[in-house]
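I opened this model to look up its charged side-chain pairs and the strands around them. My notes follow.

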Amino acid sequence: MVGTRTEPRYAGTAVSAARIQHFAAMVHDSNPGYWDDDFARRQWGGLLAPPGLLMGWLIPPPWLPNGRPPVAAIAIRVPLPGTTFINAANDAEFPCAIVEGDRLHLIEEVVSVSPSKRTRLGIGHFVQTCDEFRRDDGTLVAVNRNTLFRFTPEAQA
């Protein structure tokens, strides 16, 4: 699956002030870009989405009224052994601000899959992905590089 890219997956809702401010409140972040409409509009064109909320905009809800199951991230769909996974590394770039009202979509790509590795956690594979987040107009707003370790815990092996 290395080199495989997904079709765009669209967020169900636009970036919203309510979610921006809820996230900022949960982490006690008083950045005026998250709270002050006038300031944020002058600086970025709208309330600024916190970088830590990036992946949250595209996480599919666990249930939808149309009955379709949520689509798993591409890293989970790589056909490898392993009963669980952990996030091993994450690096995000933001070439453009994400602001209230933006409608985002995501394209995921499998960058690499390691040979089988033994770690203190168990035997597994590192799966590297690169996710591109874009606005509806095609503007690239974020690139997220992620490494998951998919493994079977040592106690279960």
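**Notebook: salt bridges and strands**

I began with R9, which is buried at 18% relative accessibility. For my burial labels, buried is under 20% relative accessible area, exposed is over 50%, and partly exposed is in between (1.4 Å probe, protein chains only). The model is predicted, so I note its rules: local features need pLDDT of at least 70, side-chain atom pairs count only at pLDDT 80 or more, and totals for chains, interfaces and linings use all residues. Residues are numbered from 1 along each chain as its sequence is written, and side-chain values use heavy atoms, with hydrogens and water left out.

Next I looked up salt bridges (a side-chain nitrogen of Lys or Arg within 4 Å of a carboxyl oxygen of Asp or Glu). I get seven of them by this rule.

**R9 and E108**

I find R9 in a salt bridge with E108, at 3.8 Å from N to O. R9 sits in strand β1 (residues 9–10) and E108 in strand β3 (residues 104–113), so this pair ties together parts 99 residues apart in sequence. I take strands (E, at least two residues) as DSSP runs, numbered from the N terminus. E108 is buried too, with a relative accessible area of 5%.

I then checked how the strands pair (DSSP must find at least two bridges between them). β1 and β3 are antiparallel, over two bridges. R9 has L106 as its bridge partner in β3. β3 also runs antiparallel to strand β5 (residues 122–135), and nine bridges join them. There I noted L104, whose bridge partner in β5 is R135.

**R145 and E93**

Which side chain meets R145 in a salt bridge? I find E93, at 2.7 Å from N to O. R145 belongs to strand β6 (residues 140–153) and E93 to strand β2 (residues 84–93), so the pair links parts that are 52 residues apart in sequence. I list R145 as partly exposed, at 37% relative accessibility. E93 is partly exposed as well, at 40%.

**E132 and R134**

Last, I looked up E132 and R134, whose side chains form a salt bridge at 3.4 Å, N to O. E132 is buried, at 19% relative accessible area, whereas R134 is partly exposed, at 24%.

Definitions and conventions: Helix = DSSP H or I, 4+ residues; strand = E, 2+ residues; numbered from the N terminus.
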